[in-house]
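Student: Could you show me how to read the features of a protein structure, step by step?
Tutor: Gladly, let's look together.

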Amino acid sequence: MTLHFPNMAEPAGRTLGDEEVAALERVIRSGMLNSVWGTEARSLEREVGELYGSRHAIACSSGTAALHLSVVAAAPDPGDEIITTPITDFGTVAPILAQNAVPVFADVDPSDGNLDPDSVAALIGPRTRAIMAVHLFGAPARIGALRALADEHGLTLIEDCAQAWLTELPGGALAGTGGHVGTLSLQQWKHITCGDGGLTVTDDDELARRMRLFADKGWDRAAGRSHESLGLNYRMTELQAAVARAQLAKLPGVVAARRRTAVQLIEALRDLDGVLDSGAHEVAGAGEGRRVIRLPRPDGHAWWLFPLVLPGGDAPELAGHLSAAGIPARSGYLQDPLNRAPLWRQPIYGTSSYPLDGYRPAACPAAERLVDSTLLVIDWNEHYTSEHVAAIAGAVRCYQARP
Ligand SMILES: Cc1ncc(COP(=O)(O)O)c(C=O)c1O
């Protein structure tokens, strides 16, 4: 019988159980499903704030909404630029456009797809307002270097932690606390879920005030029925918050389990012919004629997915081999990096792209190569066992052994 790999679209691949059912029943029986008057979303904010050691946590309807709040907090003028990565979910980029700001795509580190701080530095100009980093697949982005750039140039640093619950930065601080605002997602495919949902974390009172107002129609509820600023309705419901609270209690176990099996896989692959440790240098020409596979750096990783990099461009071939062996693996992660998305070939707002008239994203060669041919991702799950690890390692060994 083939081994089943639990996935996040089925009960066996999630941690949803009696606690979430009880949480939902509690809210429904209370008669109050809206978080303006209920207690669940405010409790979730307190609990996430405590977990992240942040002065403020703000619950909202999705990870994309959380990113929109963070862009609003950075307060770009129309036409201001926000530097971000082309390897991410579109939820990172849509909020920039929603605020009539301009996404400027920096290139990434070919070893893990996270933003390359040197590429970011080269793109900072008079209209740059913010940097949005993504902790891709749960691997820590280079927040130390990006924060130094943000501080030097007076920019807001936003950390998109949708894939990076409990990812650790060097030194042990949680990803999301090294910049000015961190954002989290509770969408179905994340470490923990309430279907859809999001949160921002920040220590900055003014940024928190702007985000709270924008999430609730610019309405300061303490000031009566009066609207202080532009805002939408991005409120989380009590139903979402109650499930999210039950899930939050399970988060440390989810991340610990993912870390345990990911490290097992690294150990199982490390000694295979052609497999390089994350820190190992490739000797020029040594990869000629043999397939090289580079392992991910485990430090601080939260293993939303398990990525491998094949510098020779063999990721589609290995992905095909793994899929044929029943292993949930894909090459590239995206069909196109976001600087190459079809979106840029047509008007963005009705018949106009104002203020992005004539906008064409620049090339990002490292990102394009990763998506095209060098990046492979294996779906990861907290319910994987050593059997799943052995099956993956066996399939990679078999691929490497082929003539
Ligand atoms: C890196 C990243 N950013 C943003 C998002 C958007 O989050 P959501 O789907 O909750 O809106 C996601 C996931 O979907 C993501 O993976």
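**Around the ligand**

Tutor: Helix α3 (residues 63-74) gives three residues, the largest share of the shell around the ligand. Helices are DSSP runs of H or I with at least four residues, strands are E runs of at least two, and both are numbered from the N terminus. This is a predicted model, where local features need pLDDT of at least 70 and side-chain atom pairs count only at pLDDT 80 or more, while totals for chains, interfaces and linings use all residues. Residues are numbered from 1 along each chain as its sequence is written, and side-chain values use heavy atoms, with hydrogens and water left out.

Student: How many residues surround the ligand?
Tutor: A residue is near a molecule if one of its heavy atoms lies within 4 Å of it. Here 14 residues surround the ligand, and the closest are G63, T64, D160, S185 and K190.

Student: Which atoms of G63 and K190 lie by an oxygen atom of the ligand?
Tutor: In a polar contact, two N or O atoms are within 3.5 Å. A backbone N or O atom of G63 lies 2.7 Å from a ligand oxygen atom, and a polar side-chain atom of K190 lies 2.9 Å from an oxygen atom of the ligand. The ligand taken alone exposes 390 Å², of which the protein buries 92% (Shrake-Rupley method, 1.4 Å probe).

Student: What space does the ligand take?
Tutor: Rolling a probe the size of a water molecule over the atoms shows where empty space is left. A pocket is an open set of points on a 1 Å grid over the protein atoms alone, where a 1.4 Å probe fits, with protein on both sides within 12 Å along at least five of seven lines; lining residues have an atom within 4 Å of a point. The ligand takes the space of the largest pocket. Of the 31 residues lining the largest pocket, D89, Q187, W189, K190 and W304 are the closest to its centre.

Student: Where is the peptide bond that is cis?
Tutor: Most peptide bonds are trans. The bond from Y354 to P355 is cis, with omega near 5 degrees. P355 lies in the loop between β11 (329-331) and α10 (365-374).

Conventions. Polar contact = N/O pair within 3.5 Å; in protein donor to acceptor, adjacent residues only side chain to side chain. Sits in = over half its atoms within 2 Å of the grid points.
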